[in-house]
Amino acid sequence: MKKYKYIFYYVSILYTIGTSLWSGTIYLFMRHNGYSYSQINLFLEIFWLVTFFAEIPSGYIADKFGYLKTIMASGIIRALGLIILALSPMNLLWMTVSGVLTALGDSLQSGTMTSWIANKAVEHGEKDQLGAIFSGYSLIGRHAFDHGCHLCWG
């Protein structure tokens, strides 16, 4: 179970770092590339609307195709959406496609790793370890992201 715990930590933390960087910079990035405030808000509206509707099917997809495959697809789809946004500034159609892809990638990630580690714990008869795993991740995440840990960020 120790191996699975570390996979959970690494993948979850890497995804959290990516999401944190995206959340903190997307508005600035789009503004720097010449998008108006209304265009940026439209992008974010598309993102959140698609995310809302894609959450439930994403759980089914993860159950059907596998959690690690889904998390990899999530990263690829999200990256593709952001690449489209970066390479086609000031194009409303491509901005919309980017918002949809980025949201689908985000939705596919939502809860995937948590379900994966919970299923691994059940498979190995170690459900009692889940509390420690989740609190360990929470502690690591809180320390690294809330306090700007110099050891974590270099």
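Leaving aside neighbours within four places in sequence, which residues is Ile133 in contact with? I looked this up and found Met1, Lys5, Phe8, Tyr9 and Ile117, taking contact as heavy atoms within 4.5 Å.

I note that this is a predicted model, in which local features need pLDDT of at least 70 and side-chain atom pairs count only at pLDDT 80 or more, while totals for chains, interfaces and linings use all residues. Residues are numbered from 1 along each chain as its sequence is written, and side-chain values use heavy atoms, with hydrogens and water left out.

**Cores.** Of its 15 residues, Met1, Phe8, Trp116, Ile117 and Ile133 touch the most other members. Two or more residues come from each of H1, H3, helix H5 (112-123) and helix H6 (130-146), and H1 gives the most, with 5 residues. Apart from this core I found another, of 13 residues, including Ile26, Ile40, Leu44 and Ile46.

**H1 and H3.** I looked next at helix H1 (residues 2-32) and helix H3 (residues 67-87), whose axes come within 13 Å and cross at roughly 15°. That makes H1 roughly parallel to H3, a term for angles under 35 degrees. On the H1 side I listed Val11, Tyr15, Thr19, Trp22, Ile26, Phe29 and Met30, and on the H3 side Ile71, Ser74, Gly75, Arg78, Leu82, Leu85 and Ala86, as the residues making the contact.

Note on methods
Axes fitted to C-alpha atoms, helices over the stretch in contact; angles between N-to-C directions. Helix = DSSP H or I, 4+ residues; strand = E, 2+ residues; numbered from the N terminus. Parallel < 35°, antiparallel > 145°, perpendicular 65-115°, else oblique. Core = buried A, V, L, I, M, F, W, Y, C linked by side-chain atoms within 4.5 Å. Buried < 20%, exposed > 50% of the residue type's maximum accessible area, 1.4 Å probe, protein only.
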